[in-house]
Each structure stands twice: as structure tokens, then as C-alpha cells.
Amino acid sequence: MSAAASTPGMTRANRLSIMERMLVMRRFEERLFELHAAGHLRGVFHLYIGQEGTGAAVLEALAADDYILSTHRNHGHVVGRGADAGRAYAELIGRATGLQGGRGGSFHLCDPARGVLQTSAIVGGCVGLATGAAYGIRQSGGGRVATGFFGDAALEEGVAFESFTLAALWKLPVIYVCENNSIGAGEMKGDSYPRSMLGAERLSRVPEMAGVRTLQVSNGANAAEVHAAALEARAHCLAGKGPVFIESPIARWPGGRSLFPKSTGATDLALAWGRRAPEGPNQDWQENHDPVIRWARVVLAAGDASQDELLALDRTVLARNDAGMRFALESPWPDAATATDKVFA
Ligand SMILES: Cc1ncc(C[n+]2csc(CCOP(=O)(O)OP(=O)(O)O)c2C)c(N)n1
Ligand SMILES: [Mg+2]
């Protein structure tokens, strides 16, 4: 079976667009380690590295005016949607030109002008926000969907069950994308941290119990499978049939297991055509689980691009990214006189 045949419903343009979204997400966050090392990032931050196969595919399946809500692990969703890298970096390092004027930082990064309405770092918060956005869509005539991206732990919060119930009862156009990264990869044991703490034997039992339709993706690194599920979910919502929950299991990136992420080095696209990753604890993930490398193999096998064309795309993405980083570093701090602007109490 050719790779193209394993991407049903997808055009060459879809495959290349997903590749570009993934590279945009990946390069943006890899460069964050440099900002952190230079002391520009204050406090903890969470990276989306390793989850791009899910985010890029869902974003590709959505329409430009669909709404998106996210969590503490939001950078990928925001830049993958097309947010300006410079304004996103500026936000992360607290500059006045940031998407939130430098007041939100990593935990609140969003881009309402591009439909990324809000980010909540409160676990489960995004489930409620996405449901509310879908209610807003319903009240204003429909024709679009709201999509909430959240982690497996969100299902442990009461707001998730309450939101699922309301969305099912009111048949709201909302897609719940659960990025379940409590899945072992490489040296990680299946029962080690992090893992879900639910009584339910499958995550999807929770939304099912509330009457929400569920779709199970077998591997969240497989963007083709995620894309197909997202298209199906969107059509279901637009037909007025109510919410859909997608569980996307993701082999957790080895750099993302500690409180502060640890770099595993810049992604080497040549792993897609046979170069070996450095031996060590990250090798299995880098060669076999990294969604960027896996998708590059799909694009190559489909004949969508040559190795040189993929490298050229990557250089273009990096150049744009790094111009954004320079813009952010050269941007001014917020004016102290505006410190109480947008403070409500
Ligand atoms: C209500 C609430 N409880 C606890 C926390 C602290 N906290 C931040 S991230 C996190 C784990 C989130 O896991 P998951 O939702 O699966 O997302 P992941 O980080 O694995 O992508 C916790 C407990 C929080 N932010 N909000
Ligand atoms: Mg998780």
C-alpha cells in the first residue's frame, strides 16, 4: 500500500500543509530552549513537541473560522493555526508586542484574531471553554465548530463530565480532542509517571457515559488517521448531530517528562530517509515515534516532495521563525504606566 493510499480523503496540498504546520510547531519550540538558556523565559513552560501529528492534522481539517481552545500545552495549536511567530515569542518573553501584550505568557497564549479564542492552564478548563464557545456558535446561527484540545488529565475534572453532558443534551457543535500522552514510548514503562488516574478503563468511557459520540484514533502520531477523524467529527457537528470526542494516544516525547522540558536536540529530518539517531534513551522515540519524522516519510513515499524539497521547506520555516524571534527580542517591554490596564479588580 502506498503512503498516498494510506491517507484517505487527503490531497497532496493537505499533506504538505500538515508537514509545514508540524515544522512550524517544532522549530518554534526547539528555539525556546535558547530563549530559556539566555534567561528570557520566566517560570515553567510546557512544550507540544511530540504531539504535532495530532494538532497539525486537526487544524488542517478545520475551517479558518472554526474556534480553537487550548491548555498549558498550547504553543503548537497557536503557531500551527498561523499565529505570527514574532508576536507569539514576544508574548512568551513578556514584551509589549506579544499576542496578549506580554501579560499572558506561555500559560495564556492565544490568538483570538485567528480563532484561537482562549487558553486555560487550569486542567479541564478548556473543556468548559470549548463547550461555551460551541454554545456561542449555536446562539449566533451555527455554521462552524469549536474545538478544544486538552490532555488526558482533563477527564479527571468534574467540569469535563458537566460539559460533555450539556453538549450532548444541547447537541452543541464541539469537537473534544483529547491528546492522551500517558502512553509509553521507548524506555518509559507503561505504569510510570505520567499516567491517567481515572477509574474508567478507557478514557472515552467518560464522554460516552454523558452521551457524546467518541472516535478512537489508534496512533496520534499518524496525522492521516487524526485528519480523517477530525473531518468526520466536524461533519457530524455541522449536521447538527452534537459533540464528538476524539481520543488521540501519543507516545510522550522523552524531553517532556520533567517539570521543565529538556532538549533532545534539533530535529534531524534526515532520520526520515535512513540516518540513525544518536544512540541512547531518545533514539527509539526519535526514529520510530516522532510524528514529524513519520510524516516526512509519508510525504516522501507519496511523492509529494523530494528530500531536497523537504529540507528547503524546513529552511523557509526556520528563517521565518528566526525572524520572529529577533522581532521579539528587539521588542520593548510593556510601559509601566499600563500595568493596571485590563485588571478587573
Ligand atoms: C485544576 C488543576 N489542577 C492541577 C493543576 C496542575 N497541573 C498542571 S499540568 C497538570 C497535568 C496535566 O495533565 P494532562 O491534562 O494530561 O496534560 P499534559 O500535561 O499531560 O499534556 C497538572 C496536574 C492545574 N493546572 N489545574
Ligand atoms: Mg497528559
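This is a predicted model: local features need pLDDT of at least 70, side-chain atom pairs count only at pLDDT 80 or more; totals for chains, interfaces and linings use all residues.
Where is N74 found? Residues are numbered from 1 along each chain as its sequence is written, chains are lettered from A and ligands numbered from 1 in the order in which they are written, and side-chain values use heavy atoms, with hydrogens and water left out.

View 1. N74 is found in the loop between β1 (67-70) and α3 (75-80); helices (H or I, at least four residues) and strands (E, at least two) are DSSP runs, numbered from the N terminus. With a relative accessible area of 0%, N74 is buried. Here buried means under 20% relative accessible area, exposed means over 50%, and partly exposed is in between (1.4 Å probe, protein chains only). A polar atom of the N74 side chain lies 2.8 Å from the backbone oxygen of S106.

**View 2. The surroundings of ligand 1.** Look around ligand 1 and you will meet H72, R73, A121, I122, V123, G151, D152, A153, A154, E157, N181 and R252, each with a heavy atom within 4 Å of the ligand. By class, this shell has five nonpolar, three polar and four charged residues. Ala, Val, Leu, Ile, Met, Phe, Trp, Tyr, Cys and Pro count as nonpolar, Asp, Glu, Lys and Arg as charged, and the others, Gly among them, as polar.

**View 3. Contacts of ligand 1 with A121, D152 and R252.** A nitrogen atom of ligand 1 lies 3.0 Å from a backbone N or O atom of A121. On the side-chain part, an oxygen atom of the ligand is 3.1 Å from an N or O atom of D152, and an oxygen atom of the ligand is 2.8 Å from an N or O atom of R252. Taken alone, ligand 1 exposes 580 Å², and the protein buries 61% of that.

**View 4. The magnesium ion (ligand 2).** Two residues that also surround ligand 1, D152 and N181, return here: D152 (OD) and N181 (OD1) coordinate the ion at 2.1 to 2.3 Å. D152 sits in the loop between β3 (146-151) and α6, and N181 in strand β4, so the pair ties together parts that are 29 residues apart in sequence. D152 is buried at 6% relative accessibility, and N181 is buried with a relative accessible area of 6%.

**View 5. Aromatic rings.** The whole structure holds eight aromatic pairs. In one of them, F45 and F260 have ring centres 6.2 Å apart and planes at 75°, so this pair is edge-to-face (rings pair if their centres lie within 6.5 Å, and planes over 60 degrees apart count as edge-to-face). F45 is buried, at 2%, whereas F260 is partly exposed, at 35%. Elsewhere, ring pairs link F150, F164, Y176 and F245 into a cluster.

**View 6. Two lysines with positive phi.** K171, in the loop between α6 (158-169) and β4 (174-183), has a phi near 50°, a positive value in a residue other than glycine. K171 is partly exposed, with a relative accessible area of 44%. K342, in the segment after α11 (307-330), has a positive phi of about 65° although it is not a glycine. At 64% relative accessibility, K342 counts as exposed.

Conventions. A polar contact is a pair of N or O atoms within 3.5 Å; within protein, one must be able to donate a hydrogen and the other to accept it, and residues adjacent in sequence count only if both atoms are side-chain atoms. Accessible areas come from the Shrake-Rupley method with a 1.4 Å probe; for residues, only the protein chains shown count as cover. Donors are N, O and S atoms within 2.8 Å of the metal (3.2 Å for Na, K and Ca); water is not among the atoms, so sites may look incomplete. Rings of Phe, Tyr and Trp (its six-membered ring) pair if their centres lie within 6.5 Å; planes under 30 degrees apart count as stacked, over 60 as edge-to-face and the rest as tilted.
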